[in-house]
Amino acid sequence: MTIGGSSYSPRRDAAILIVDDAPANLSVLRKMMVEQGYQTFVATSGERAVQIAKRVHPDLILLDVVMPGIDGLETCRQLKANPLTARIPIIFMSAKNEAEDVVAGFDTGGVDYIGKPLRMAEVCARVRTQLQIRMNSETQQEQAERLRTIVNSMAEGLLIIEPDGRIQFTNPACDQYLGYAPGELAGKTIFDLLNPLVAQEYLDYFGRYAANPETAHSHGTREVIIRHKFGTSVCMDLTLTPMFMRQPLFIGLLHDITHHKMSEDALQRAAMVDPLTKIANRRHFDTFLEKEWQRAMRSGAPLSLVVLDVDHFKLYNDSLGHAAGDVCLQQVAQAINAHALRATDLAARYGGEEFVLLFAETDADSALALAESIRCHVEALQLPHPRSITSPWITLSVGVATIHPHQMENTEALFVAADRAMYAAKEGGRNQVQSSKTASPTAASSEAAVAAR
C-alpha cells in the first residue's frame with residue numbers, strides 16, 4: 001500500500017483503540033486503520049476507552065480531547081495511573097490547536113498531538129512512527145530483561161567496578177558468596193574486599209587502562225583471598241575484563257575455588273561408595289583388600305574375610321517390592337558397617353544382597369566371633385520377612401575365612417574359602433556362621449580349581 005508517496009508494510013498484529021464521540025470521525029479512522037492492516041477497537045467515551053484498554057491492551061490509542069463526560073486529558077491521566085495501561089502510547093486528536101492545548105496533551109502523557117481536521121496520510125504516518133518506537137522500546141526492554149535474568153541467574157559472582165575501584169553493581173551470586181544483602185556492596189571499594197597491596201595493584205591497572213585502553217594488557221584471572229562480610233577469608237578466582245562505555249568499567253567474575261575443590265573431593269568419594277547403601281563399593285573394597293594383602297605379606301599377620309548374604313532376599317523383593325528391598329539393604333549395610341571399627345577394617349556391598357567385611361591382623365577365632373556378632377545384630381533388627389522359611393525376620397548366612405597371605409598367592413584364595421563357608425551356612429539351614437580355616441592358600445586354590453571343573 002502507498003500512502004503519501006511511500007510504500008509501507010504495517011505490523012499485522014498491531015492493535016489500535018480509536019476514541020472519539022463523533023461517529024463520522026470514528027468511521028473514517030476505523031476504515032483507514034483496518035486498511036492499514038491493524039486490529040481496530042473503538043470507543044465513544046473516555047469511560048468506555050479505559051474499560052477497553054484494560055481488557056485488550058492495545059499497542060496505540062488515538063484519543064479525542066473534547067468529549068462529553070471525562071475528556072481526553074482526564075482519560076489519559078486515568079490510563080497512565082493504571083499499571084496495566086500506563087505504557088500504552090497515546091496520540092491526541094483535537095481541533096484545539098493552541099500552544100497551551102498541545103503542551104497540556106504532552107504534559108498529561110501523550111506522545112503526539114494531531115490537529116483537526118485530520119489529514120489521513122499524516123495520521124497513518126504518525127501512527128506508524130509511534131508503533132515503530134513502541135516496538136523498538138519493547139525490544140530494548142526485552143533485551144535488558146533477558147540480560148538481567150542471565151546476570152542474576154549466573155553461578156559465578158559478578159561485579160562491575162569503576163576506574164577508582166568503587167563497586168557499582170553486584171549480582172546475587174556475588175552477594176551470596178561474600179555474605180552481603182542485595183545492593184549492600186554498591187558504593188564500597190575493592191579495598192573493602194581485598195588485601196591492600198592486591199587492591200592497589202588492581203587500582204593501578206584500572207588507571208593504566210583508563211589512560212590508554214589500546215596499550216593496557218588484559219589482567220586475566222588470578223587467585224585472590226576475599227574478605228567475607230563476617231570476617232572470614234574466601235579463596236576465589238577473579239577474572240577482570242575491561243568494558244568501555246561512557247566511562248571505562250571493569251567486569252569482575254568470581255569463582256569459588258573452595259567449592260570446586262569440595263566438589264572434586266565429593267566426586268572422588270562417590271567413586272568409592274555404593275550409592276544405595278552408602279558404604280564402600282566393590283571397587284573400593286578390592287583396592288583396599290589388595291593393599292592390606294601386601295601389608296599382611298610383609299608383617300606375617302593373618303587376614304580375615306567375612307562374606308555375608310541376605311537369606312531369601314528374592315522372596316523379600318517379590319513380596320514387598322524393590323523399594324522395600326532397597327530400604328532393607330540400607331539397614332543391613334549400616335548394621336554390618338557398625339562392626340568395622342578400625343582403620344584396617346572395611347565393610348562393603350559386593351553385589352546385590354551380598355556384603356563383605358575385611359578384618360586385618362585378625363585370627364580365625366576372633367573373626368568367627370565378629371561374624372557371629374554381626375549375624376546377631378542383623379537378626380535383632382527384626383526386619384519382617386513374610387516369606388522366609390528360615391525366620392520371621394531378615395537373617396544372614398555368613399562365611400568366614402582366615403589366611404596368612406603368601407607371595408605365591410593372591411586374594412582369590414581368600415574369597416574362595418569365605419564363599420565356600422558362606423554356602424555351607426546356607427546348606428546348613430541359613431541364619432548361621434560357618435568358618436573355613438585355610439591353612440594353605442595353595443590347597444584352597446586347588447580346591448577352587450577342582451570346583452570350577
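Predicted model: local features only at pLDDT ≥ 70, side-chain atom pairs only at ≥ 80, totals over all residues.
Residues are numbered from 1 along each chain as its sequence is written, and side-chain values use heavy atoms, with hydrogens and water left out.

**View 1. Helices H10 and H11 pack at an angle of about 135°.** Helices (H or I, at least four residues) and strands (E, at least two) are DSSP runs, numbered from the N terminus. H10 covers residues 313-320 and H11 covers residues 322-337. Their axes are 7 Å apart. Axes are lines fitted to C-alpha atoms, for helices over the stretch in contact, and angles run from 0 to 180 degrees between N-to-C directions. H10 and H11 are therefore oblique to each other. H10 contributes Phe313, Tyr316, Asn317 and Leu320 to the contact, and H11 contributes His322, Ala324, Gly325, Cys328 and Leu329. Contact means heavy atoms within 4.5 Å. The residues of this H10 and H11 contact divide into six nonpolar, three polar and no charged. Here Ala, Val, Leu, Ile, Met, Phe, Trp, Tyr, Cys and Pro count as nonpolar, Asp, Glu, Lys and Arg as charged, and the others, Gly among them, as polar.

**View 2. His312 sits in the loop between strand E13 and H10.** Strand E13 spans 303-310. Phi of His312 is near 55°, a positive value in a residue other than glycine. His312 is buried, with a relative accessible area of 13%. Buried means under 20% relative accessible area, exposed over 50%, and partly exposed in between (1.4 Å probe, protein chains only).

**View 3. Lys278 lies in the loop between helices H8 and H9.** H8 runs over 257-270 and H9 over 282-299. Lys278 also has a positive phi, of about 65°, although it is not a glycine. Lys278 counts as exposed, at 59% relative accessibility.

**View 4. Helices H1 and H5 pack at an angle of about 55°.** H1 takes in residues 23-35, and H5 takes in residues 120-153. Their axes are 11 Å apart. H1 and H5 are therefore oblique to each other. The crossing of H1 and H5 is right-handed. A crossing is left-handed if the near helix is turned anticlockwise from the far one by less than a right angle, and right-handed if clockwise. From H1, Val28, Leu29, Met32 and Met33 meet Met120, Val123, Cys124 and Val127 of H5. The residues of this H1 and H5 contact are eight nonpolar, no polar and no charged. An α-helix has 3.6 residues a turn, so residues three or four places apart point the same way.

**View 5. A cis peptide bond joins Lys116 to Pro117.** Its omega is near 5°. Pro117 is found in the loop between strand E7 (112-115) and H5.

**View 6. Helices H2 and H3 pack at an angle of about 25°.** H2 holds residues 46-56, and H3 holds residues 72-81. Their axes are 9 Å apart. H2 and H3 are therefore roughly parallel to each other. H2 passes H3 in a right-handed crossing. Gly46, Ala49, Val50 and Ala53 in H2 meet Thr75, Gln78 and Leu79 in H3. The residues of this H2 and H3 contact comprise four nonpolar, three polar and no charged.

**View 7. Pro89 occupies the loop between H3 and strand E6.** E6 spans 90-94. Pro89 counts as buried, at 7% relative accessibility. Leaving aside neighbours within four places in sequence, Pro89 is in contact with Asp59, Leu60, Ile61, Val111 and Arg134. Pro89 and Arg134 are 45 residues apart in sequence, and their C-alpha atoms are 7.6 Å apart in space.

**View 8. Leu414 belongs to helix H13.** The 16 residues of H13 (residues 412-427) should span 22 Å at 1.5 Å a residue, and its end C-alpha atoms are 22 Å apart, which agrees. The expected span is 1.5 Å times one less than the number of residues. Buried residues in H13 include Ala413, Leu414, Phe415 and Val416. Leu414 counts as buried, at 0% relative accessibility. Not counting residues up to four places away in sequence, Leu414 touches Leu289, Trp293, Leu303, Leu305, Ala401, Thr402 and Ile403. Just after H13, Gly429 takes a positive phi of about 120°.

Technical notes
Parallel < 35°, antiparallel > 145°, perpendicular 65-115°, else oblique.
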